[in-house]
Amino acid sequence: MTNEIFSIHQSLTDALQRAVAVYGVPEITITLESPKDKTHGDYATPIAMALAKKLKKAPLSIAQDMVKNLSLDPSLVSGAEVAAPGFINLRLAPKAYYGVLEGILTAGAQYGENKQLQGRRLLLEFVSANPTGPLNVVNARAAVLGDTITRLTRVSGGQVDTEYYVNDAGNQARLFGESLEAAISRVRGVPKDAPEGGYQGAYMEDLAREFLTETEGNSKDFNLSTAKLGEWGMDRVVQWHKESLGKFGVSFERWFSERRELHEPGLVAETLKKLTEMGLTYDKDGATWIKTSEFGAHKDEVLIKSNGIPAYIVADIAYHLHKLKRGYSKVINIMGPDHHGHILSMKAAHKALGFEESLFEVLIAQHVSLLSGGQKVKMSKREGKFVTMEELLGQVGKDAARYFFVMRGANSHLDFDIEVAQKQTDENPVFYVQYAHARICSLLKKCAERGLHPSRHARDFTSLQEPETFLLLKEIMEFPQWVVESAKSYEPHRMVVYLQNLAADFHLFYTKHRILDAPSEVAQARLGLAQAVRIVLENALGLLGVTAPEQM
RNA sequence: GCGCCUGUAGCUCAGUUGGAUAGAGCAACUGCCUUCUAAGCAGUGGGUCCCCGGUUCGACUCCGGGCAGGCGCACCA
C-alpha cells in the first residue's frame with residue numbers, strides 16, 4: 001500500500017476511538033481534521049468538545065484525560081497536546097513523513113491510486129449535445145467536468161462507464177434533415193431557406209458540401225429521402241463531436257443513439273405501455289399525460305401529443321430505464337443550465353417507476369461567460385455568432401482550457417477570460433503550477449549533469465528538518481486524500497485548489513533552500529523530496545488532463 | 001407567481017462538509033536575481049462572509065424568512 005495516508009488516518013482514529021471508549025458513550029464519530037494554522041500540528045480533533053455535553057464535564061479536562069490515555073506509536077506521532085477550548089492536536093513524527101516520501105518515490109506514476117471508492121459503480125452521462133450543430137462552451141465545460149470526475153473515480157478504485165446520449169430522433173431530426181436539404185440546394189446555387197425553427201449556421205453548408213463531395217458520381221445516394229439525409233447528417237455531426245472531444249482529451253465508452261437503441265428496438269413504445277399499465281397516465285385535451293406531479297414534480301408532462309406523436313420525455317424515460325436496469329450504484333447526468341427545469345420531472349418519473357430517488361443524480365454545469373480582456377464576448381445563437389468549443393480550444397490550447405473549466409465549482413457561473421488563458425504570464429494560473437513542475441525537471445537535469453544521482457534505495461531523509469520541508473511533505477502525503485474527496489463529492493475543482501497549494505509550497509521551499517549546492521546528504525534528501533513533488537504534480541495534472549511540461 | 005443556481009477583499013473565486021485569528025490569485029504599493037528557471041519569493045494595505053432571525057460549546061457553513069443577480073418554468077428537444 002503506497003497510500004500511507006489512509007493507514008495513518010486509521011491508526012490515529014483507532015487510538016482516539018480507544019481513548020473515547022473509556023467513557024462508554026455510544027455513537028460518537030471521531031473526526032480528524034487538518035488545522036488551517038500549521039502551528040497547531042498536523043491533525044486535530046474536536047472530540048472532547050463533542051463529549052463535553054454528554055459527560056457534563058469541561059472539554060479541556062476531557063481532552064487532558066484522553067491525551068493521557070492515548071496509546072500512540074511513537075514512530076508515528078511525536079506529540080499530542082491539548083489546546084483551548086478543547087482540541088487535541090497531534091503532531092506526526094518525522095519518521096512517518098520519511099516513510100511516506102519513500103513510498104511516493106517507489107510508487108511513481110501510481111502514487112495516488114487507491115481503493116477507497118471500490119465498489120462504486122457509476123454511469124456518467126455528459127455533454128449529450130444535440131447532433132444538430134457544433135459543441136459550445138458549456139458543452140466543453142461539461143466535457144471536462146465529466147472526464148475529470150471519471151479519472152478521479154477510477155484512480156480511487158471506483159468503476160465508471162461514460163456515455164453520450166445522441167438525440168437523433170423525433171422532431172428535431174426531421175427539421176435537421178429539411179435544413180440540410182435546403183443547405184444542399186443553396187450550395188448548388190438554388191436559393192432555399194431552412195424551415196421555420198431549422199438550422200442555419202455556416203456549418204450546415206459545410207455539411208452540405210461534405211455530402212456532395214461524398215456522393216459525387218453516385219447518383220443513387222443523391223435521392224435520399226429527407227429522413228435518410230437527416231440521419232446521414234446527424235451521424236456526421238456526431239463524428240465531428242467525437243473528433244472535437246478527442247482533441248480535448250475526452251472520450252466516451254458508449255454513444256447511445258436514441259433512434260437506433262430506443263426507437264428502432266421498440267423500447268419507447270414499451271416504456272409507454274409500461275407507464276400506462278402502471279396507471280401513471282391519463283388523457284386530457286386530446287393528449288396523454290404522466291402524473292409526475294404526484295411524485296414531486298410541479299406539473300404533469302405530456303407523453304403523447306394530441307397529434308399522436310410521443311413527446312421527447314418518453315424516450316428520455318425509456319433511456320433512463322435502460323440505464324437503471326444495468327445495475328449501477330449511481331446514475332449521474334451532467335447537464336447544462338438550460339435543462340435544470342427538467343430535473344424534477346425526471347426525478348419524479350424515476351420515483352413513479354419505483355426506483356430509489358437517490359440512485360439518480362444530476363450535476364449542473366453552470367453558465368460560462370466568455371470574456372476577452374474583461375469584456376464580455378457577445379454571442380447570438382440566432383445569428384450563428386457563437387464561440388464553439390473547437391474555436392476556444394484553438395485559441396487557448398488544451399491545457400489552459402481544461403484547467404479553466406475545472407477551476408471553479410460546477411454550479412458556479414464561470415467567467416472564462418480568453419485573453420488571460422492565452423497569456424504566458426503570472427496572470428494565468430495554469431503556468432504557476434506547470435512552472436513548478438518545469439523547475440523541478442530542470443533541477444533533476446542539472447543534477448544529472450553534475451553526476452549527482454539520487455540513489456533509488458536506502459535513502460536517508462533525516463536531514464530534512466525545516467518547517468517548509470515538512471509543509472511540503474504534508475502536502476504530498478495528503479494527495480490521495482484530496483483525490484478521493486474530489487471524486488467522492490464530484491467536485492474536481494478541489495484538485496485545482498490542491499495543485500495551487502502544492503505549487504506554492506514548492507516555490508517557497510525552492511526559494512528558501514538550496515538543493516544542488518547543499519552538502520551531499522542534504523542534497524540527496526532534498527532531491528528526493530523534489531522528485532516526489534514532481535511525481536505528485538505530474539499525477540495531479542494528469543488527473544485533470546493537463547500536461548506537465550519539462551521546460552518552459 | 002413557482003423552481004434551480006449564485007451572493008465572501010477593488011476583480012475572479014476557494015473555504016477540507018459545524019471548528020481555533022475567514023484564505024488564494026489578479027490588480028495597487030514595497031523589498032529580493034554575480035548563486036539550481038524572477039512564469040518565482042517575502043511584505044503592506046484591503047472584509048457588515050447580502051440582510052434579519054433560529055439551532056449550539058461553536059455558524060461563511062445547517063434551518064426559517066427576506067433582498068439582489070443569472071437561468072428555467074411549451075402538446076420544443
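1. Let's start with an open sheet: three strands form it in the order 13-12-14, with mixed pairing. (Strands here are DSSP runs of E with at least two residues, helices are runs of H or I with at least four, and both are numbered from the N terminus; two strands pair if DSSP finds at least two bridges between them.) Strand 13 (375-376) and strand 14 are the edge strands, each pairing on one side only. Strand 12 (residues 368-372) runs parallel to strand 14, and four bridges join the two. One bridge partner to look for is phenylalanine 416 in strand 14, which goes with leucine 370.

2. A word on what you are looking at: this is a predicted model, in which local features need pLDDT of at least 70 and side-chain atom pairs count only at pLDDT 80 or more, while totals for chains, interfaces and linings use all residues. Residues are numbered from 1 along each chain as its sequence is written, and chains are lettered from A and ligands numbered from 1 in the order in which they are written.

3. Now the overall picture. Chain A has 20 helices and 14 strands, and its C-alpha trace spans about 85 × 60 × 40 Å along the principal axes. Of its 552 residues, 40% count as buried. (Buried means that 20 or more other C-beta atoms lie within 10 Å of the residue's own, exposed means 12 or fewer, and partly exposed is in between; the C-beta atoms are placed from the backbone.) Among contacts in chain A with a separation of 6 or more, 72% are between residues 24 or more positions apart. (A contact means that two C-beta atoms, placed from the backbone, lie within 7 Å.)

4. How is chain A divided into domains? The assignment gives domain 1 (4-92), domain 2 (98-116 + 426-543) and domain 3 (171-230); such bounds come from an automatic or database domain assignment. The C-alpha centres of domain 1 and domain 3 are 70 Å apart.

5. Next, find RNA strand B. Of the 76 residues around RNA strand B, Ala44, Asp285, Gly341, Asp426 and Ser442 come nearest. (A residue is near if its C-beta atom, placed from the backbone, lies within 6 Å.) Which helix gives the most to this surface? Helix 16 does, with nine residues. Other elements that each supply at least two residues include helix 2 (47-55), strand 3 (87-92) and helix 19 (493-512). The surface near RNA strand B divides into 29 nonpolar, 30 polar and 17 charged residues. (Ala, Val, Leu, Ile, Met, Phe, Trp, Tyr, Cys and Pro count as nonpolar, Asp, Glu, Lys and Arg as charged, and the others, Gly among them, as polar.)

6. Strand 7 (residues 281-284) and strand 8 (residues 287-290) pair in the antiparallel sense over four bridges. They form a hairpin with two residues between them, and aspartate 285 in the turn has a positive phi of about 55 degrees. Lysine 284 stands opposite alanine 287 in strand 8.

7. Two further residues have a positive phi. Most residues other than glycine have a negative phi. Lysine 56, in the loop between helix 2 and helix 3 (59-69), has a phi near 55 degrees. Serine 128, in the loop between strand 4 (121-125) and helix 5 (137-155), has a phi near 40 degrees. Is each one buried or exposed? Lysine 56 counts as exposed because it has 7 C-beta neighbours inside 10 Å, whereas serine 128 has 24 and so counts as buried.

8. Five of its six residues are buried, so strand 10 is largely enclosed by the rest of the structure. Strand 10 pairs with strand 4 in the parallel sense over four bridges, with leucine 122 opposite lysine 330. Strand 10 also runs parallel to strand 11 (residues 360-364), joined by five bridges; here methionine 335 stands opposite isoleucine 364.

9. The buried residues of helix 6 include Phe176, Leu180 and Ile184, and its buried residues pack against helix 7 (202-215) and helix 9 (226-247). After helix 6 comes glycine 189, with a positive phi near 95 degrees.

Conventions: A residue is near a molecule or strand if its C-beta atom, placed from the backbone, lies within 6 Å of it.
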